[in-house]
Amino acid sequence: MIIGAQPDMEVVGEAADGVAAVELARRLRPDVALFDIRMPRMDGLQALRLLAGPGVADPVKVVMVTTFDLDEYVHQALRNGAAGFLLKDSGPALLVEAVRAAVSGDALISPSITVRLLEHLSPPAPPGDDGGLSPRELDVVRLIARGRTNAEIAAELFISVGTVKTHLGSVQGKLGARNRVEVAAWAWERRLVS
């Protein structure tokens, strides 16, 4: 109902279980698919892996929407290509924003779990591991890890939004990151932000 009520969004399919959801998403190729962690026949994490996981040639953008606020689920979802992770109690506005973020290539995580997740995502990398990024790219990465938008990064670094996008594309290429969440996770793992 929330998605269908948006003037610029349309629900193109609904599935009763994970197996049907994967089949439907492959057939319909929605801009964004919304999955729960727990679904009958195939859980949302497995469905996510099939649609957006490592090695998927043409991934579907998937936002996980769930009541299960477990670090293990969040970590696994993000590692397998989720374009967002929301708790069901986050509210309708955040759900709509998560869909819009996914469509634009960004990602949104429920604010209540973001800091906790990033602080404990994985052990710190060895000191000095900069991923081959330039100093300016590292500036952009730090701001992404703090949740800044491209416009906010541009204003803070006194560069254009187009230049931010260029840096972000370069960063994603160098790190093998598929989205902003993976870039942010990389920064937090290396303790580039606090």
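Predicted model: local features only at pLDDT ≥ 70, side-chain atom pairs only at ≥ 80, totals over all residues.
The crossing of α1 past α2 is right-handed. On the α1 side, the contact comes from Gly 18, Val 22, Ala 25 and Arg 26, while α2 brings in Ala 47, Leu 50 and Leu 51. Sorted by class, that contact of α1 with α2 has five nonpolar residues, one polar and one charged.

Staying with α2, Gly 44 is part of this helix. Its relative accessibility is 0%, so Gly 44 counts as buried. What does Gly 44 touch, once neighbours within four places in sequence are left aside? The list is Phe 35, Asp 36, Ile 37, Met 39 and Met 64. Met 64 sits 20 residues away from Gly 44 along the chain, yet the C-alpha atoms of the two are separated by 7.6 Å.

Next comes helix α4 (residues 92-103). With twelve residues at 1.5 Å a residue, α4 should span 16 Å; the C-alpha atoms at its ends are 17 Å apart, so the two values agree. The buried residues of α4 are Leu 95, Val 96, Ala 98, Val 99, Ala 101 and Ala 102. These buried residues pack against four strands: β1 (33-35), β2 (62-66), β3 (84-87) and β4 (108-109). Just after α4, Gly 105 has a positive phi of about 90°.

How values were computed. Residues numbered from 1 in each chain as written. Heavy atoms only, no water. Left-handed = near helix turned anticlockwise from the far one by under 90°. Helix = DSSP H or I, 4+ residues; strand = E, 2+ residues; numbered from the N terminus. Contact = heavy atoms within 4.5 Å. Nonpolar A, V, L, I, M, F, W, Y, C, P; charged D, E, K, R; others polar. Buried < 20%, exposed > 50% of the residue type's maximum accessible area, 1.4 Å probe, protein only. Expected span 1.5 Å × (residues − 1).
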